[in-house]
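Dear colleague,

I am passing on the structure we spoke of, placed just below, followed by notes on what was found in it. Please read the notes with the structure open beside them.

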Amino acid sequence: WGNFWAKGHSTTFGPYYKDGYTSGYIANWWSTALDAHSNKDLRILEVGCGNASLVPCMLDLGVKGSYVGVDAAEISISDAVKKRINDNLNIVLRGNTGIEDFQSQHQFDLIGSVYGLEYSPLDQSLPKLRELLMTGGEINLLMHHSGSVITEMSVKAIEEFDFKQMETVIDKLTSIDH
């Protein structure tokens with residue numbers, strides 16, 4: 001994922017939604033979640049945020065408060081965010097950090113994840129999210145169901161990846177490099 005985000009993609013859909021999730025079903029889903037909390041400054045946490053995938057929508061809607069995006073990969077602010085950035089929303093990204101390892105002195109009004117949380121160790125990440133959620137707060141998750149084509153493709157790709165062989169190849173390439 002780090003290589004994918006380094007290419008500057010705004011969302012997991014690569015060249016689709018180049019302007020972030022500002023239209024379509026994900027924007028509608030997130031807008032609805034935000035509407036329930038629209039009367040105050042919000043503390044928002046996005047899990048598996050990539051290059052801050054939900055931020056363009058929030059900036060277009062004039063959301064005020066703070067946003068923290070956490071992702072296990074190396075990430076950065078996308079161009080879709082940069083062209084919208086303003087003083088209403090303080091944006092912090094925490095890359096190279098799994099949600100299960102994320103530490104915060106703050107709790108959050110709203111926690112969201114777009115196809116990200118499902119890749120974490122749920123026995124650790126779900127209790128962590130509960131700990132990070134303010135009383136009266138809300139968690140909104142988009143996830144692939146276990147029988148989806150995406151889930152089946154991911155399982156197949158992982159099963160086909162031979163970690164031991166890859167380790168051997170990397171060791172040999174490192175030897176050649178030295």
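Helix H2 (residues 24-35) lies across S1, strand S4 (108-114) and S5, and runs at about 170 degrees to S5; helices (H or I, at least four residues) and strands (E, at least two) are DSSP runs, numbered from the N terminus. Helix H5 (residues 122-132) lies across S1, S4 and S5 as well, running at about 140 degrees to S5, where axes are lines fitted to C-alpha atoms, for helices over the stretch in contact (heavy atoms within 4.5 Å), and angles run from 0 to 180 degrees between N-to-C directions. The model is a predicted one, in which local features need pLDDT of at least 70 and side-chain atom pairs count only at pLDDT 80 or more, while totals for chains, interfaces and linings use all residues. Residues are numbered from 1 along each chain as its sequence is written, and side-chain values use heavy atoms, with hydrogens and water left out.

The five strands form an open sheet in the order S3-S2-S1-S4-S5 with parallel pairing, two strands being paired if DSSP finds at least two bridges between them. Strand S3 (89-94) and strand S5 (133-142) are at the edges with a single partner strand each, so one side of each has no neighbour in the sheet. From one strand to the next, the twist averages 15 degrees. Strand S1 (residues 42-47) pairs with strand S2 (residues 65-70) in the parallel sense over six bridges, and Arg 43 stands opposite Ser 66 in S2.

In the loop between H2 and S1 lies His 37, which counts as buried (under 20% relative accessible area, against over 50% for exposed and in between for partly exposed, with a 1.4 Å probe and protein chains only) because its relative accessibility is 8%. Leaving aside neighbours within four places in sequence, His 37 is in contact with Leu 42, Asp 109, Leu 110, Gly 136 and Glu 138.

With kind regards
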